[in-house]
Amino acid sequence: MNLWYGDFQALFDVNLDIRAGLVTAMIGPSGCGKSTLLRSVNRINERLGYVRTTGTIKVYGEDIYAETSSAIQVRRNIGMVFQRPNPLPLSVRNNVLFGHRLHRTRSYNSAEEDEIVEQALRQVLLWDRVKDKLGTKATTLSLEEQQKLCIARLLPTKPQLLLMDEQCSALDPEATAAVEELIWELRGKYSILIVTHNMAQARRASDECVFMLMGKVVEHSATEKMFVSPEQRETSDYIEGRFG
Amino acid sequence: MKKKSTLTPTPRPQLVQTHEPAWADALDRRDRAWALDLAARLLVLVGGISAILFIGAIFLFIMTEGLDFMWHRMELSSLLFGSRWEPTVDPPEYGALPLIMGTVWITAVAMIIGVPLAFAAAVYVGEFARGRQREWLKIGIEILAAIPSVVWGVIGLYVMAPLIKSTFGVQIGLNVLNAGIILGLMAAPIIATIAEDALKAVPEGYREAAESLGATRWQVIWKVVLPHARPGLSAAVLLGVGRAFGETIAVLMASGHRLMAPESVFDSAATLTATIAAELGEAAVGSDHYQVLFVLGLLLFLITFSVNLIADRIVRGRKAAPAPGAADQPSRRVLAGVLGILLGGAGVHRFILGDRFGGFLRLFLTINTFGAAAVIGLIEGILYLTKSDEAFVQTYQVNKKSWF
Amino acid sequence: MTTLDTNDPAADPEVQTSVFAASPNEHKAHTVQQVFKIGFLAVTLLLLIPAAAILGVLVFKGAPGLTWEFLTTKPTDNGAAGGISTALVGTVWMTGVALAFSLPLGVAAAIYLSEYARDNWLTRTINVAIVNLAGVPSIVHALFGIGAFVYFLEFGKSVLAAGCTLAVMTLPVVIVSTRESMQAVPQAFRDACWNMGATRWQTIWKVVLPNSGSGILTGLILVVCRAVGETAPIMFTGAVFFRQFYASGLFDKSMALSYHLFSVSMHVKDVPEHVPYTVALTLILVVLSMNAVAIYFRMKLRGKKKW
């Protein structure tokens, strides 16, 4: 696919296969287009208004940019976690239920909703910590808890794919470890695509790795392979820290 | 993109020898630029303080003009609750209740008309409109805001009045409805502008988060933006009330200026502001009538002052970072502050803070100084309102500071 | 072509066929959104129609009387006949006085608040004072003008007293618009200037002020608009009902356009029907053309600024 911001072309003929149930990491220097690619998979790029794309992105064999696909269903099925934790200024409980309430097809009673909240929070290993303060504002939680909550709020709409954009860059090392552990926990249940600046993190917490440069995919291989024996010269230069 | 390391060793630069005295001279540079800087600093400080001086001077001058009357011949209750305003009859009656009622009626009608219009415009312009359409709508709102009040008055007098007469089949076209519509349209652009600012202040991250979960634009507005902007929106309404309440000329021209409390929207009415404007020219300088008009002005000043202060605190309180643990004790700051300003003489603000002794003490002082000690309450009220919520709770509710 | 998860064994076939198609739920949400969007647009237009209607009425009824002669001859017969020249000149006088006081003072205050003030009680008090000064009803400003300028400073009922009253009233306008444009100057510019050893004032003079000209200009224009349009503050401090002479100096009284409009529509007998409309049209043309200049400058600057 190709993508333009106004007159500036950010992605060039990107061609990528991501495997289900695995954690795939995208690495590359600043401005190489990895965040752009990630954001176009959730179609959140469109809200800027001046973005133009050609080509297709297929998830589960369906083109999310097809005429028949609606951005809203795409976003429902493909969850997105942002760089800075951005819980909505609502209670913890309402944050978890936000997406669910947008997309439910019937009304739920509060017991059912409690069930949904507990399940989602348990999955992100947050339940024990916040079960007594479900009514407090989510913005008062610690950053780590906020980021986990941002992951939790995606789960009730049963997405197949989770996108994470530098999800740990605002967190301290301990919180980063906790969130990485969580990602590993979710592996297998969801396909996960993360963007990271941090090569050590890509190496620790992913099955496959994609290296991007100047809007193009340079290399895509299993993480172990990429870090041990990269095929391309640029990849090895970047990994060894010669530029970027 | 294949880059080799380009670092080549460079020779170390030689350290330049410096002499101690030269350094000291260079550091103590009390030259012309330094003096100019100092002068400029003092000059702009004067400018900065001028706003405080003026607001203080307004209070002081209006109070001194009406002081003699307030001191010797005024009974607050008969001024506020007397139902006859007949300054030219002998003996004159100064009961401002009809004027207060007129003000309340007209302001209420203005808000009923202006607030929905303004909020809809703010949401549309701030959240839906894009590009050129947005610019044009904003310019339209600016034009509406720029129309001078006397022109609005002419419209009320010559356009609205016949229109109301023929539409509703009433005898008088200059009435509460007319003035309310005019004031509503005058206040709407102000409310809309402040409300749009409040919407704009909602962080982009919240919208992005909600949209990334698949919310439509309207769902984002309804579920995230509006609830989060609520304090700003209420501040906008408050400032709109302040504006409608203080408007003078347009109301004088459109309301019919009848000195009796209106009983329906089709009655003519008079407001506090219009009465001052209409009668000040006729009242002999220094007479009771003249002084009582200044007392009304003081009342207007105090009410708009509190309204603005509250609106400002709401807007600014929002911007400050939420301090954890501040919610331990609900802050009574705004309530106590406003009561201090309005009813400080009776010590009501101290009763609110649980200081019964202090309340009675102030009441006692006020009675024994024929009202002069009410100034204490006024000052305390202003001090309360300028504090932050946390500081207030700490100072007055936890530590129970008893004076000022 | 980018393909993600082309063959996912876990996904069940039913989901696979229609997972991204719009759901009925979503159709409803879109309809609701559309209804609100159109409704809000309609209400916004409802708010703007009166503005257009007012302009229309004024032009329709007032334009025939708006001649060069009307603007340049003196009024006669208590303002019912003749032109408006003395009122126009009086307005120019008062506006000029207002500008002369409020602009320097306001810019100084804005410099202080934007460049010098720390977040302490003084700054907070100044800000509170500005907000309140802007919210004081115009008739209260008039009372202040009488007490302070007409009697206490013994200016008498004069152009000077009226101009000073207007200056106090418009001071917050200048402060707010100037401060805003100063705060929009990036901090990095100031840092760069300081790092080269400039004093604070040199930084302000050479970097901050040249870059906030638009704000000062907007402030100036808004002051003119307010000063030209306001009636209540001048009606007891310097404007007179009818006078056939131009103001001879700062301590002379004068007619003023806004107060003239007020009196011809409220008090003067036997005014021809078109006169109030023509005066109102003149007033609004002055105000709107000033506003147009402000809007033009804003747009031009927005296109130019690159930071």
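Chain C has 13 helices and three strands. This is a predicted model, and in chain C buried residues account for 53% of the 307 residues. Looking at contacts in chain C between residues at least 6 apart in sequence, 75% of them join residues at least 24 apart.

Chain A has a mean pLDDT of 83, and 100% of its residues get to 70 or more. Within chain A, strand β3 (residues 17-18) has the lowest confidence, with a mean of 74, while strand β10 (residues 191-195) has the highest, at 88.

Next comes the interface of chain B and chain A. Here 22 residues of chain B are in contact with 29 residues of chain A. The two chains bury about 2,200 Å² between them, and 62% of that lies on carbon and sulfur atoms. Across this interface the rule finds three residue pairs in polar contact, both residues being at pLDDT 80 or more. On the chain B side, helices α8 (204-212) and α9 (217-228) each supply at least two of the residues that touch chain A. The largest share, nine residues, comes from α8 of chain B. Sorted by class, the side of chain B that touches chain A has seven nonpolar, six polar and nine charged residues.

As for charge pairing, the count between chain B and chain A is two salt bridges. One of them joins the side chains of B:Glu208 and A:Arg39, with N to O at 2.6 Å. In another, the side chains of B:Glu211 and A:Arg75 meet at 3.7 Å, again N to O. That pair runs between chains, from helix α8 of chain B, which holds B:Glu211, to helix α2 (residues 71-77) of chain A, which holds A:Arg75. B:Glu211 counts as buried because its relative accessibility is 7%, under the 20% cut-off. A:Arg75 is buried too, with a relative accessible area of 7%.

Over all chains, the structure holds 29 salt bridges, and several sit inside chain A. A:Glu144 forms one with A:Arg129, where the closest N and O atoms are 3.0 Å apart. This pair links distant parts of the chain: A:Glu144 belongs to helix α6 (residues 143-152) of chain A and A:Arg129 to helix α5 (residues 127-130), 15 residues apart. At 16% relative accessibility A:Glu144 counts as buried, whereas A:Arg129 is partly exposed at 39%. A further salt bridge brings together the side chains of A:Lys225 and A:Glu231, at 2.6 Å from N to O. Here A:Lys225 is partly exposed, with 35% relative accessibility, and A:Glu231 is exposed, with 57%. Chain A also has a network of salt bridges that links A:Arg93, A:Arg101, A:Arg104, A:Glu113 and A:Asp114.

What surrounds A:Ser40, leaving out residues up to four places away in sequence? A:Ser40 lies in helix α1 (residues 34-41) of chain A, and its contacts beyond those places are A:Met1, A:Leu3, A:Asn45, A:Ile57, A:Ile64 and A:Tyr65. With a relative accessibility of 0%, under the 20% cut-off, A:Ser40 therefore counts as buried.

A:Ala120 is placed in helix α4 (residues 110-123) of chain A. Its relative accessible area is 3%, so A:Ala120 is buried. Setting aside neighbours within four places in sequence, A:Ala120 is in contact with A:Val96, A:Ala152, A:Leu155 and A:Pro156. A:Leu97 lies 23 residues away from A:Ala120 along the chain, and the C-alpha atoms of the two are separated by 9.4 Å.

How values were computed:
Residues numbered from 1 in each chain as written. Chains lettered and ligands numbered in written order. Heavy atoms only, no water. pLDDT = per-residue confidence, 0-100. Helix = DSSP H or I, 4+ residues; strand = E, 2+ residues; numbered from the N terminus. Contact = heavy atoms within 4.5 Å. Buried area = accessible area lost by both parts, 1.4 Å probe. Salt bridge = Lys/Arg side-chain N within 4 Å of Asp/Glu carboxyl O. Polar contact = N/O pair within 3.5 Å; in protein donor to acceptor, adjacent residues only side chain to side chain. Nonpolar A, V, L, I, M, F, W, Y, C, P; charged D, E, K, R; others polar. Buried < 20%, exposed > 50% of the residue type's maximum accessible area, 1.4 Å probe, protein only.
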